[in-house]
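Subject: Structure handover

Hi,

Here is the structure I promised to pass on to you. Please open it alongside this note, and my findings follow below.

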Amino acid sequence: MFILYILAALAILYLIYLLTFRTGKKQIAENGEIPSVRFNKRGNLRILQLTDLHLLLPFGKNTKKCFDLIEKLVSEQKPNLIVVSGDLALSPVNFLVYDAFARKMDKLNMRWAVTFGNHDCHIGFSKAKIQKRLLRYERCLNTLPTYAEGGYTDSFIRVSDREGNDLFAIALIDSGSYTYSEGSKKLEYGRITKQQSLWYEESLGKMGIENNIVFCHFPLPEIMQPALLHEYTGEMHEHPSFSRLDTAFFDVACRCGAKGIFFGHDHRNDFCGSVAGVVLAYGHLSGYGVYKAENIEPGGRIIDITNFGARIVTNTCR
């Protein structure tokens with residue numbers, strides 16, 4: 001209880017800062033255009049995936065260790081973009097955590113994007129409020145969601161060549177938090193809904209882009225396909241926590257030319273495999289002091305999009 005009082009006091013004292021907090025307001029967020037990044041001249045783009053940071057405060061020992069790790073990974077791996085696949089925060093002051101993360105990205109001069117997990121807004125500000133806050137961060141590529149029925153981070157990032165031709169897309173999909181099973185009161189983990197699948201397919205068609213990758217928080221049921229489990233790389237130390245309410249998103253993704261689907265949530269897993277030619281991969285836990293993560297050294301996952309989107313190569317890093 002004492003800790004909660006301290007947190008409340010800090011939040012009140014921080015209001016003055018909040019009223020004056022400024023980053024360059026993104027024009028992209030106002031005019032509805034889809035943000036873009038570029039392949040280098042060799043046709044490559046490198047993404048650093050972070051997942052499940054579970055930051056409690058915008059400061060403190062674990063937050064500093066996490067930010068130092070990110071700085072180290074950026075220095076060593078030299079990514080062009082950072083994507084957080086959910087649970088950046090687990091905090092009653094989640095809005096302050098996001099502010100602190102944005103300032104770290106500013107310091108590193110890194111463009112970044114996020115898709116929500118089940119804990120980002122479990123306490124603290126709602127998804128709707130945090131999503132609006134993302135529009136204030138100059139280097140954040142999240143925009144107003146183009147799917148308006150609950151998918152608060154549902155949006156795309158275009159990847160173009162040096163002449164400005166759009167050749168690839170990065171989909172950020174909010175796979176929800178929890179939902180009830182049909183006809184029962186049993187809670188299930190979130191999933192990508194059929195409506196979101198339709199939005200994903202229609203959006204790619206409108207952009208005229210086929211090759212793409214997807215980021216979400218919860219793993220897909222296909223992660224347990226025998227073909228993948230027979231030849232996977234990485235570590236699997238807990239059963240994947242996917243919803244039993246399968247909406248066949250994987251089938252849609254295959255039809256739409258997805259090269260890979262990347263997720264998090266299960267802190268003790270970072271394994272990666274392939275089903276029907278599509279890479280399915282956990283990110284590597286990126287936070288310190290996270291539950292169910294004893295003896296796991298935090299890190300990230302590198303995703304190299306090569307040959308102008310024709311090939312995906314991925315591995316974990318620490």
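**What I found**

The protein exposes about 14500 Å², and carbon and sulfur atoms supply 53% of that area. Please keep in mind that this is a predicted model. Of the 318 residues in the protein, 55% are buried. The secondary structure comes to 9 helices and 14 strands. Among the contacts with a separation of 6 or more, 72% are between residues 24 or more positions apart.

**The sheet**

Let me start with an open sheet of 7 strands, whose pairing is mixed. Going across, the order of the strands is β1-β5-β6-β9-β10-β12-β11. The edges are held by β1 (36-38) and β11; each has a single partner strand, so one side of each is left without a neighbour in the sheet. On average, and with direction ignored, neighbouring strands of this sheet are turned by 20° against each other.

For a specific spot, Gly-260 has Val-279 in β12 as its bridge partner. Helix α7 (residues 194-207) packs on the sheet, where it touches β5, β6 (166-172), β9 (212-215) and β10. The direction of helix α7 makes about 35° with that of β5.

**Salt bridges**

The search of the whole structure finds 10 salt bridges. Here are some details on a few of them.

One of them joins the side chains of Lys-64 and Asp-68, at 2.8 Å from N to O. Both residues lie in helix α4 (residues 61-77), and they are 4 residues apart, about one turn of the helix. Lys-64 counts as exposed because its relative accessibility is 52%, and the cut-off for that class is over 50%. Asp-68, at 37% relative accessibility, counts as partly exposed.

Another salt bridge brings together the side chains of Asp-106 and Arg-139, at 3.0 Å from N to O. Asp-106 lies in helix α5 (residues 94-108), while Arg-139 is in the loop between α6 (127-134) and β5 (155-160), so this pair ties together parts that are 33 residues apart in sequence. Asp-106 is partly exposed at 25% relative accessibility, and Arg-139 is partly exposed too, with a relative accessible area of 24%.

Asp-270 also forms a salt bridge, in this case with Arg-318, and the closest N and O atoms are 3.5 Å apart. This pair links distant parts of the chain, 48 residues apart: Asp-270 is in the loop between β10 (258-263) and β11 (272-275), and Arg-318 is in the segment after β14 (311-317). How exposed or buried are the two partners, Asp-270 and Arg-318? Asp-270 is buried, with a relative accessible area of 4%, whereas Arg-318 is partly exposed at 36%.

**Cysteines**

How many disulfides does a search of the whole structure find? The search returns 0 disulfides. As a reminder, a disulfide is a covalent bond between the sulfur atoms of two cysteines. If you want to look at individual cysteines, Cys-66 is buried at 0% relative accessibility. Cys-216 is likewise buried, with a relative accessible area of 0%.

Asn-307 is found in the loop between β13 (300-306) and β14.

Their surroundings can be set side by side as well. His-54 counts as buried because its relative accessibility is 9%, and the limit for buried is under 20%. Asn-307, in contrast, counts as exposed at 51% relative accessibility.

Over to you, and happy browsing!

Best wishes

Key:
Residues are numbered from 1 along each chain as its sequence is written. This is a predicted model: local features need pLDDT of at least 70, side-chain atom pairs count only at pLDDT 80 or more; totals for chains, interfaces and linings use all residues. Side-chain values use heavy atoms; hydrogens and water are left out. A salt bridge is a side-chain nitrogen of Lys or Arg within 4 Å of a carboxyl oxygen of Asp or Glu. Helices (H or I, at least four residues) and strands (E, at least two) are DSSP runs, numbered from the N terminus. Buried means under 20% relative accessible area, exposed over 50%, partly exposed in between (1.4 Å probe, protein chains only). Two strands pair if DSSP finds at least two bridges between them. Axes are lines fitted to C-alpha atoms, for helices over the stretch in contact, and angles run from 0 to 180 degrees between N-to-C directions. Contact means heavy atoms within 4.5 Å. Accessible areas come from the Shrake-Rupley method with a 1.4 Å probe; for residues, only the protein chains shown count as cover. A disulfide is a pair of cysteine sulfur atoms within 2.5 Å.
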